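Have the structure open and follow along.

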Amino acid sequence: MTHLTLWLACILSLTAGGTYYLRPGARTTQSIGAIAIVLHTMALIQLLASKDGFDFLTIGLLIALIGNLLLWFSNRDKDLSLLLSIAFPMAATIIALNAVEPWDLQQLHSASLGTSLHILIASVAYSLFTAACGVGILLAIQEYQLKHHHLKQLLRVPPLQVLERLMFEFIWAAFVLLSITMATGFYFIEDMFAQHLVHKTAFTIASWFVFAGLLAGRLFLGWRGQLAVKLTLSGFVLLMLGYFGSQIALEILSN
């Protein structure tokens, strides 16, 4: 049953991505996106019920779900269809990886409520940063096209000011959650070296400082445009290296 739901969620996510690209303004497009998100949620719940806890791929599934949900809600009053046409197929890839068997992945047992909350908060933070990164890329491309007078090549996206405001809204929310994640992480980690979390922690702290600098620069120096996008992408890459890079390395070393 779990595999059937996963593959259905995969197919619907691919369909949603196509409809957001081909029919961005249609009401049926939002409906297909909503159905894909519901199936994605059902698949995640069924998958977690069949396992002892989270692993590398199920956390990726959770991050993809939250990211799509954030963009889907934001798309109601802003045209983020281009971003959704990319986000849904990416989610479909992660869903398909979870549907493929067998995977001998290291399980992160989450019997404790505190650890489960830590994972959930971290996943929401990563999803918000991913959404901010996507919006930032659209912002950078649109700004470049305007500066070089390529008006015929302008993307189908909201105005620059709207994109920039949305990007910083995502970053602020993600930064607060990342700070909570770090605080709870230090509390729940009993032996950082035994759990192979040194590299992950170092990259996460480095990412936190990048985003802290970006937000301080935004508040006091008015940083915006290409500089803000570059710092957003830099912080995002550090964060993803900290989590996914460390997890991939651990999986390879443990096998």
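Let's start with Phe 220, which counts as exposed because its relative accessibility is 68% (exposed means over 50% relative accessible area, buried under 20%, and partly exposed in between, using a 1.4 Å probe and protein chains only). You'll find Phe 220 in helix H7; helices (H or I, at least four residues) are DSSP runs, numbered from the N terminus.

A heads-up: this is a predicted model, where local features need pLDDT of at least 70 and side-chain atom pairs count only at pLDDT 80 or more, while totals for chains, interfaces and linings use all residues. Residues are numbered from 1 along each chain as its sequence is written, and side-chain values use heavy atoms, with hydrogens and water left out.

**The nonpolar patch**

- Helix H7 gives the most to the patch, with three residues.

**Aromatic rings**

- A search of the whole structure turns up five aromatic pairs (rings of Phe, Tyr and Trp, using the six-membered ring of Trp, with centres within 6.5 Å; planes under 30 degrees apart are stacked, over 60 edge-to-face, the rest tilted).
- Phe 129 and Phe 211 are a stacked pair, at 4.1 Å centre to centre with 25° between the planes.
- That pair links distant parts of the chain: Phe 129 sits in helix H5 (residues 113-147) and Phe 211 in helix H7 (residues 198-221), 82 residues apart.
- Both Phe 129 and Phe 211 are buried.
- Trp 208 and Phe 209 are edge-to-face, because their centres are 5.2 Å apart and their planes at 90°.
- Trp 208 is partly exposed at 23% relative accessibility, while Phe 209 is exposed at 55%.
- Phe 175, Trp 208 and Phe 209 make up one aromatic cluster.

**Cysteines**

- How many disulfides are there? The count is zero, where a disulfide is a pair of cysteine sulfur atoms within 2.5 Å.
- Cys 10 is buried at 7% relative accessible area, and Cys 133 is buried at 7% as well.

Definitions and conventions:
Helices (H or I, at least four residues) and strands (E, at least two) are DSSP runs, numbered from the N terminus.
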